[in-house]
Amino acid sequence: MRLSIQVTDLCVHYGDHCALHHFDLQAAPGEFIGVVGPNGGGKTTLLRALLGLLPSAHGGLRIDGRVAYVSQDAVHMDPQVPVSVLEFTSLGRLDRRFWRRRSTQDRARIQEALEETGVWGLRRRRLSSLSGGQRQRVHLANALCQDARVLLLDEPTTGVDPKSRDDLYQLLRHLSRDHGMTVVMVSHDTESLATVADRIVVVDKTKRFDGPGEAYRAWAAASVTVASDNPFGAHDGPGAAA
(Lines give C-alpha, C1' and ligand atoms only; values in the text may rest on other atoms or scores of the structure.)
Protein backbone atom coordinates (compact mmCIF):
# COMPACT_ATOMS: atom_id res chain seq x y z
CA MET A 1 0.00 0.00 0.00
CA ARG A 2 1.27 3.45 -0.91
CA LEU A 3 1.83 5.65 2.13
CA SER A 4 2.00 9.44 2.25
CA ILE A 5 3.52 9.43 5.77
CA GLN A 6 5.71 6.73 7.26
CA VAL A 7 7.30 7.24 10.68
CA THR A 8 9.23 4.34 12.15
CA ASP A 9 10.67 4.07 15.67
CA LEU A 10 11.17 7.85 15.82
CA CYS A 11 12.92 9.40 18.81
CA VAL A 12 13.28 13.18 19.18
CA HIS A 13 15.27 14.87 21.95
CA TYR A 14 15.61 18.45 23.15
CA GLY A 15 19.02 18.25 24.75
CA ASP A 16 18.65 15.62 27.46
CA HIS A 17 14.85 15.75 27.32
CA CYS A 18 13.11 13.00 25.35
CA ALA A 19 10.12 14.58 23.58
CA LEU A 20 9.12 11.55 21.46
CA HIS A 21 10.11 7.98 22.21
CA HIS A 22 9.98 5.12 19.64
CA PHE A 23 7.02 6.63 17.82
CA ASP A 24 5.42 4.93 14.82
CA LEU A 25 2.83 6.34 12.41
CA GLN A 26 1.58 5.43 8.97
CA ALA A 27 -0.90 7.40 6.90
CA ALA A 28 -2.32 6.70 3.47
CA PRO A 29 -3.34 9.30 0.88
CA GLY A 30 -6.70 10.81 1.76
CA GLU A 31 -6.64 9.90 5.46
CA PHE A 32 -7.74 12.42 8.07
CA ILE A 33 -5.86 11.81 11.32
CA GLY A 34 -6.63 13.63 14.56
CA VAL A 35 -3.75 13.92 17.02
CA VAL A 36 -4.59 14.42 20.69
CA GLY A 37 -2.80 14.07 24.00
CA PRO A 38 -1.78 15.96 27.13
CA ASN A 39 -0.02 19.31 27.06
CA GLY A 40 3.70 18.68 26.72
CA GLY A 41 3.06 15.18 25.41
CA GLY A 42 4.81 15.76 22.09
CA LYS A 43 2.02 16.66 19.66
CA THR A 44 3.67 19.81 18.30
CA THR A 45 7.04 18.05 18.38
CA LEU A 46 5.56 15.43 16.05
CA LEU A 47 4.40 18.12 13.60
CA ARG A 48 7.78 19.85 13.70
CA ALA A 49 9.50 16.54 13.01
CA LEU A 50 7.18 15.91 10.05
CA LEU A 51 8.06 19.38 8.75
CA GLY A 52 11.76 18.51 8.95
CA LEU A 53 12.43 21.17 11.58
CA LEU A 54 13.73 18.76 14.24
CA PRO A 55 16.48 16.20 13.78
CA SER A 56 15.65 12.72 15.01
CA ALA A 57 17.89 10.94 17.48
CA HIS A 58 16.73 7.58 16.17
CA GLY A 59 14.36 6.07 13.62
CA GLY A 60 13.13 7.07 10.19
CA LEU A 61 10.61 9.45 8.63
CA ARG A 62 9.38 9.66 5.05
CA ILE A 63 6.75 11.89 3.46
CA ASP A 64 5.54 11.47 -0.10
CA GLY A 65 4.81 14.81 -1.75
CA ARG A 66 4.67 18.45 -0.72
CA VAL A 67 3.73 19.43 2.81
CA ALA A 68 1.67 22.48 3.83
CA TYR A 69 1.39 23.71 7.42
CA VAL A 70 -1.27 25.79 9.18
CA SER A 71 -0.55 26.93 12.74
CA GLN A 72 -2.93 28.17 15.43
CA ASP A 73 -1.32 31.61 14.98
CA ALA A 74 -2.92 31.80 11.53
CA VAL A 75 -6.03 33.36 13.10
CA HIS A 76 -3.92 36.26 14.45
CA MET A 77 -2.36 38.89 12.24
CA ASP A 78 -0.99 42.39 12.64
CA PRO A 79 -3.67 44.74 11.23
CA GLN A 80 -0.90 46.89 9.77
CA VAL A 81 0.23 44.14 7.36
CA PRO A 82 -1.20 45.27 4.00
CA VAL A 83 -1.52 41.86 2.30
CA SER A 84 -4.78 40.95 0.61
CA VAL A 85 -6.43 37.55 0.55
CA LEU A 86 -5.57 37.20 -3.14
CA GLU A 87 -1.94 38.18 -2.60
CA PHE A 88 -1.48 35.78 0.31
CA THR A 89 -3.09 32.88 -1.54
CA SER A 90 -0.94 33.61 -4.60
CA LEU A 91 2.18 32.93 -2.53
CA GLY A 92 1.28 29.26 -2.77
CA ARG A 93 2.24 29.31 -6.45
CA LEU A 94 5.78 30.53 -5.85
CA ASP A 95 8.61 28.17 -6.69
CA ARG A 96 12.37 28.43 -7.17
CA ARG A 97 11.76 30.78 -10.11
CA PHE A 98 10.62 33.35 -7.59
CA TRP A 99 10.29 36.30 -9.93
CA ARG A 100 8.56 34.60 -12.83
CA ARG A 101 5.19 36.05 -13.80
CA ARG A 102 2.15 34.01 -12.88
CA SER A 103 0.88 31.94 -15.76
CA THR A 104 -2.72 31.55 -16.85
CA GLN A 105 -2.62 28.15 -15.15
CA ASP A 106 -1.41 29.76 -11.91
CA ARG A 107 -4.21 32.33 -11.94
CA ALA A 108 -6.80 29.64 -12.61
CA ARG A 109 -5.45 27.51 -9.75
CA ILE A 110 -5.57 30.47 -7.35
CA GLN A 111 -9.18 31.26 -8.25
CA GLU A 112 -10.14 27.60 -7.98
CA ALA A 113 -8.56 27.34 -4.50
CA LEU A 114 -10.29 30.50 -3.27
CA GLU A 115 -13.65 29.36 -4.63
CA GLU A 116 -13.29 25.87 -3.18
CA THR A 117 -12.54 27.23 0.29
CA GLY A 118 -15.37 29.75 0.08
CA VAL A 119 -13.35 32.97 0.17
CA TRP A 120 -13.26 34.07 -3.47
CA GLY A 121 -15.64 36.91 -2.62
CA LEU A 122 -13.13 38.16 -0.01
CA ARG A 123 -10.13 38.21 -2.36
CA ARG A 124 -9.73 42.03 -2.32
CA ARG A 125 -9.97 42.27 1.47
CA ARG A 126 -6.98 42.59 3.75
CA LEU A 127 -6.22 39.25 5.38
CA SER A 128 -5.94 41.01 8.75
CA SER A 129 -9.54 42.26 8.47
CA LEU A 130 -11.06 38.76 8.32
CA SER A 131 -12.45 36.65 11.13
CA GLY A 132 -10.41 33.75 12.50
CA GLY A 133 -12.42 31.18 10.58
CA GLN A 134 -12.08 33.11 7.33
CA ARG A 135 -8.32 33.40 7.78
CA GLN A 136 -8.03 29.66 8.30
CA ARG A 137 -9.89 29.14 5.02
CA VAL A 138 -7.45 31.45 3.25
CA HIS A 139 -4.54 29.43 4.66
CA LEU A 140 -6.16 26.28 3.31
CA ALA A 141 -6.53 27.96 -0.08
CA ASN A 142 -2.80 28.70 0.05
CA ALA A 143 -2.16 25.01 0.77
CA LEU A 144 -4.28 24.00 -2.23
CA CYS A 145 -2.28 26.39 -4.42
CA GLN A 146 0.90 24.61 -3.33
CA ASP A 147 -0.55 21.32 -4.61
CA ALA A 148 0.35 19.91 -1.20
CA ARG A 149 -0.26 16.21 -0.66
CA VAL A 150 0.08 16.40 3.13
CA LEU A 151 -1.58 19.06 5.29
CA LEU A 152 -0.43 19.55 8.89
CA LEU A 153 -2.52 21.69 11.25
CA ASP A 154 -1.71 22.72 14.82
CA GLU A 155 -4.81 23.74 16.80
CA PRO A 156 -6.49 25.46 13.81
CA THR A 157 -9.80 25.95 15.66
CA THR A 158 -8.31 27.99 18.52
CA GLY A 159 -10.11 31.33 18.66
CA VAL A 160 -12.65 30.26 16.03
CA ASP A 161 -16.39 30.39 16.68
CA PRO A 162 -18.36 27.08 16.73
CA LYS A 163 -20.00 27.58 13.31
CA SER A 164 -16.67 28.39 11.63
CA ARG A 165 -15.08 25.46 13.45
CA ASP A 166 -17.67 23.01 12.12
CA ASP A 167 -17.35 24.47 8.62
CA LEU A 168 -13.58 24.05 8.83
CA TYR A 169 -13.95 20.39 9.77
CA GLN A 170 -16.21 19.79 6.79
CA LEU A 171 -13.75 21.53 4.48
CA LEU A 172 -10.93 19.35 5.80
CA ARG A 173 -13.05 16.25 5.17
CA HIS A 174 -13.60 17.48 1.62
CA LEU A 175 -9.86 18.00 1.08
CA SER A 176 -9.05 14.52 2.32
CA ARG A 177 -11.85 12.64 0.57
CA ASP A 178 -12.10 14.53 -2.72
CA HIS A 179 -8.50 15.71 -3.16
CA GLY A 180 -6.74 12.71 -1.63
CA MET A 181 -4.89 15.06 0.74
CA THR A 182 -3.55 13.47 3.92
CA VAL A 183 -4.64 15.66 6.85
CA VAL A 184 -2.91 15.48 10.25
CA MET A 185 -4.55 17.79 12.75
CA VAL A 186 -3.51 18.45 16.36
CA SER A 187 -6.40 19.64 18.49
CA HIS A 188 -7.86 19.81 22.00
CA ASP A 189 -11.32 19.40 20.47
CA THR A 190 -11.32 15.63 20.93
CA GLU A 191 -15.07 15.07 20.69
CA SER A 192 -15.38 16.74 17.28
CA LEU A 193 -12.22 15.08 16.01
CA ALA A 194 -13.47 11.67 17.05
CA THR A 195 -16.53 12.32 14.86
CA VAL A 196 -14.89 13.67 11.70
CA ALA A 197 -11.42 12.09 11.60
CA ASP A 198 -10.74 8.65 10.16
CA ARG A 199 -8.38 7.87 13.02
CA ILE A 200 -7.40 9.30 16.38
CA VAL A 201 -3.78 9.06 17.49
CA VAL A 202 -2.98 9.73 21.15
CA VAL A 203 0.53 11.08 21.73
CA ASP A 204 2.10 11.13 25.18
CA LYS A 205 5.86 10.83 24.62
CA THR A 206 5.04 7.83 22.45
CA LYS A 207 1.94 6.54 20.67
CA ARG A 208 -0.64 5.46 23.27
CA PHE A 209 -3.57 4.78 20.95
CA ASP A 210 -4.29 4.64 17.23
CA GLY A 211 -7.75 3.82 15.94
CA PRO A 212 -11.17 5.07 14.79
CA GLY A 213 -13.25 7.54 16.79
CA GLU A 214 -15.60 5.03 18.43
CA ALA A 215 -12.70 2.88 19.59
CA TYR A 216 -10.97 6.00 20.91
CA ARG A 217 -14.03 6.94 22.98
CA ALA A 218 -14.08 3.48 24.55
CA TRP A 219 -10.34 3.59 25.21
CA ALA A 220 -10.55 7.08 26.71
CA ALA A 221 -13.48 6.13 28.98
CA ALA A 222 -11.64 3.05 30.22
CA SER A 223 -8.48 5.06 30.81
CA VAL A 224 -10.34 7.59 32.96
CA THR A 225 -12.34 4.96 34.85
CA VAL A 226 -9.35 2.80 35.73
CA ALA A 227 -6.72 5.24 36.99
CA SER A 228 -3.97 2.65 37.03
CA ASP A 229 -4.42 2.16 33.29
CA ASN A 230 -4.68 5.89 32.50
CA PRO A 231 -1.51 7.12 30.74
CA PHE A 232 -2.53 10.72 31.55
CA GLY A 233 -2.68 10.25 35.34
CA ALA A 234 -5.56 9.80 37.76
CA HIS A 235 -6.82 13.38 37.54
CA ASP A 236 -6.34 14.20 33.86
CA GLY A 237 -8.25 12.05 31.42
CA PRO A 238 -7.36 12.16 27.72
CA GLY A 239 -10.50 14.04 26.80
CA ALA A 240 -9.64 16.87 29.18
CA ALA A 241 -5.93 17.09 28.57
CA ALA A 242 -5.72 16.30 24.88
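The exercises below work through the fold, a pocket, the nonpolar cores and one serine of a predicted model.

Residues are numbered from 1 along each chain as its sequence is written, and side-chain values use heavy atoms, with hydrogens and water left out. Because the model is predicted, local features need pLDDT of at least 70 and side-chain atom pairs count only at pLDDT 80 or more, whereas totals for chains, interfaces and linings use all residues.

**Exercise 1. Describe the overall make-up of the protein chain.**

Start with the secondary structure, taken as DSSP runs numbered from the N terminus (helices H or I, at least four residues; strands E, at least two): the protein chain has eight helices and nine strands. Next consider burial, where buried means under 20% relative accessible area, exposed over 50% and partly exposed in between, with a 1.4 Å probe and protein chains only; of the 242 residues, 50% are buried. Finally, take contacts (heavy atoms within 4.5 Å): among those between residues at least 6 apart in sequence, 70% join residues at least 24 apart.

**Exercise 2. Determine which residues line the largest pocket, and of what class they are.**

A pocket is an open set of points on a 1 Å grid over the protein atoms alone, with protein on both sides within 12 Å along at least five of seven lines, and its lining residues have an atom within 4 Å of a point. The lining of the largest pocket comprises 16 residues, and Gly-40, Gly-41, Gly-42, Lys-43 and Thr-44 lie nearest the centre. Sorted by class, with Asp, Glu, Lys and Arg as charged, Ala, Val, Leu, Ile, Met, Phe, Trp, Tyr, Cys and Pro as nonpolar, and the others, Gly among them, as polar, the lining has nine polar, four charged and three nonpolar residues. Strand 2 (17–27) and helix 1 (43–50) each supply at least two of the lining residues, and helix 1 gives the most, with three.

**Exercise 3. Locate the nonpolar cores.**

A nonpolar core is a set of buried Ala, Val, Leu, Ile, Met, Phe, Trp, Tyr and Cys residues joined through side-chain atoms within 4.5 Å. The largest has 42 residues, of which Leu-140, Leu-151, Leu-172 and Tyr-216 touch the most other members. Helix 4 (residues 132–145) provides the largest share of this core, six residues. Apart from it lies another core, of 21 residues, including Ile-5 and Val-203.

**Exercise 4. Work out the surroundings of Ser-90.**

Ser-90 belongs to helix 2 (residues 85–90), and counts as buried because its relative accessibility is 6%. Leaving aside residues up to four places away in sequence, Ser-90 touches Arg-102 and Ile-110.

Technical notes: 1 Å grid on protein atoms, 1.4 Å probe; cavity = no way out; pocket = protein on both sides within 12 Å on 5 of 7 lines; lining within 4 Å.
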